[in-house]
Amino acid sequence: MRGEAGGLRSVFARPVAVSAEGRDCAKPDYNLPPMSFDAEVIVAGAGPAGAAAARTLAAAGVDTLLVDRAAFPRNKPCGGGLTMRAMARFPWLAKAISDIDIHTVSKLHLEGPDGSVLKLEADEPVGILIRRVEFDHSLVKAALAAGARLRERFEITQASQTTAGITLQSRTGETLRAPVVVAADSVHSVIGKRLGVNAKWPAKSIAIDMMEETPHDTLRARHPDVVWIAYAYKGLDGYAYIFPKTRHVNVGIGCLLSHFKGEMPGRPYDMQVAFVQSLVDSGELEGRSDRDYFTPFLIPVGGPLAKSYQGRVLFVGDAGGFVNGFTAEGLYYAMISGELAGQAIVAAGGGLDAAGPCYQKAWKREIGAELRDSVLIQRYLFGSHDRVNRVVRGGREWPWLATAMADYVAGKRSYAALRRDVLLRSPGTAARLAWKALR
Ligand SMILES: Cc1cc2nc3c(=O)[nH]c(=O)nc-3n(C[C@H](O)[C@H](O)[C@H](O)COP(=O)(O)OP(=O)(O)OC[C@H]3O[C@@H](n4cnc5c(N)ncnc54)[C@H](O)[C@@H]3O)c2cc1C
């Protein structure tokens, strides 16, 4: 049911409770031109970024419509690895996912391209492994419980923005309108394309992750308590991994698309079969690959968009490039960017034009440094794979680094503190990274 601009204005123009940080972003005297709207805010895409945004907005009393082309539960190709840092950052998350399968891990096997190995074992769990088909459904339910509405099977094919508001059009020609939109429509963001924000990620800023999530009766990890990662595996500008889960195992290879196109002969699934077989031969896996569960997919790994909003459209999650360029971890950043976008819209109150700049400031403050550094680290390590070997060996030789990393992943040490330690204790690496940053 469509609302009228007057009704919307009364909600957004009312004084809203904003944080001290948000207050300087608000300009409460904004006048909305007349237009009929379907919601005060439309969140386009109901993955972790969109669900976190919708939950935040709805909990603050904003009439929020969460829109997705899929019907939930739906799958999303993903390793489903989440650090304890994410659990600490979102105190409501443990309850929201309490009814899904969660596999907890505290051991890591990290391998360099020359075969050097670093084995880490923490006293407490450092991460959980979930299946996205279940996890995302739980997050959508959390958004609905907070008061958001859900529109499924609405595939956005067109988007336009005027001073009056934003119009999203579906494949069937139906339209939805709102004064503000959170674009959480993932790596191929149609909204980003249609608004001219991001026509296409450059090949160097995108990774292809070729992965299967296969049930245990076909394939299983021989060491189900260990996360196995090989960086620069077989000379790739990328990584290979085994993520054991409660009833499934995720096995995959990810690498920069530029590298994949230039240097990797063969079809992705042929590579996967060979990879799985090599892990069976080396005793890491038992069973066989199953093509039915193989779902290659892209990840943006070149850092966030320089400007993560356009007018009153705020880009979050993969649509905004919020992924760690070094680890390809995206869930944590998707949820943070979604939540910060929601908070910025609430903080903007009646001054909706302030939401974008407010959001940009907020994510730069919280995750800007680590996302920037993650891309530098990725380029530094892929610049020479021997650096990966040195890092793996360094992890064995410098116990302080292993402890600092484990504390960071567990959410006990901030990124700023980790960075300070690394800069103080390994000035050679720090200087090289700084030099790269200036180029
Ligand atoms: C193979 C692989 C393994 C990964 N492993 C990990 C991992 O272990 N840990 C980790 O943290 N990250 C991992 N990532 C990254 C992580 O999956 C993403 O960063 C994360 O899913 C981003 O969340 P999102 O909400 O932005 O987008 P998504 O989760 O992709 O959700 C976007 C939603 O938008 C909807 N949508 C898209 N287009 C439209 C449209 N036109 N109209 C309507 N709806 C639309 C989709 O249906 C979907 O529901 C991995 C990625 C890949 C590809």
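Strands β4 and β7 (residues 127-129) run antiparallel and are joined by three bridges. Strands are DSSP runs of E with at least two residues, and helices are runs of H or I with at least four, both numbered from the N terminus. The model is predicted: local features need pLDDT of at least 70, side-chain atom pairs count only at pLDDT 80 or more, and totals for chains, interfaces and linings use all residues. Residue numbers start from 1 along each chain as its sequence is written.

**The β3-β7-β4 sheet**
- Histidine 103 has leucine 129 of β7 as its bridge partner.
- Three strands make up this open sheet, in the order β3-β7-β4, with antiparallel pairing.
- β3 (81-83) and β4 (103-105) are the edge strands, and each pairs on one side only.
- Neighbouring strands of the sheet are turned by 25 degrees against each other on average, direction ignored. Axes here are lines fitted to C-alpha atoms.
- Two strands count as paired if DSSP finds at least two bridges between them.

**Helix α3**
- Helix α3 spans residues 48-59, 12 residues in total. From first C-alpha to last, α3 reaches 16 Å, close to the 16 Å expected at 1.5 Å a residue. The expected span is 1.5 Å times one less than the number of residues.
- Of the 12 residues of α3, 11 are buried. Buried means that 20 or more other C-beta atoms, placed from the backbone, lie within 10 Å of the residue's own.
- Among the buried residues of α3 are Pro48, Gly50, Arg55, Thr56 and Leu57.
- These buried residues pack against β1 (41-44), β2 (64-67), α6 (132-145), β12 (180-183) and α10 (331-348).
- Just after α3, glycine 61 takes a positive phi of about 90 degrees.

**Ligand shell**
- The ligand is surrounded by 36 residues. Gly45, Gly47, Gly79, Gly317 and Gly330 are the closest.
- The shell has 18 nonpolar, 10 polar and eight charged residues. Asp, Glu, Lys and Arg count as charged; Ala, Val, Leu, Ile, Met, Phe, Trp, Tyr, Cys and Pro as nonpolar; the others, Gly among them, as polar.

**Whole chain**
- The protein chain has 15 helices and 21 strands.
- Of its 439 residues, 49% count as buried.
- Among contacts with a separation of 6 or more, 74% join residues 24 or more positions apart. A contact needs C-beta atoms, placed from the backbone, within 7 Å.

Definitions and conventions
Two residues are in contact if their C-beta atoms, placed from the backbone, lie within 7 Å. Axes are lines fitted to C-alpha atoms, for helices over the stretch in contact, and angles run from 0 to 180 degrees between N-to-C directions. A residue is near a molecule or strand if its C-beta atom, placed from the backbone, lies within 6 Å of it.
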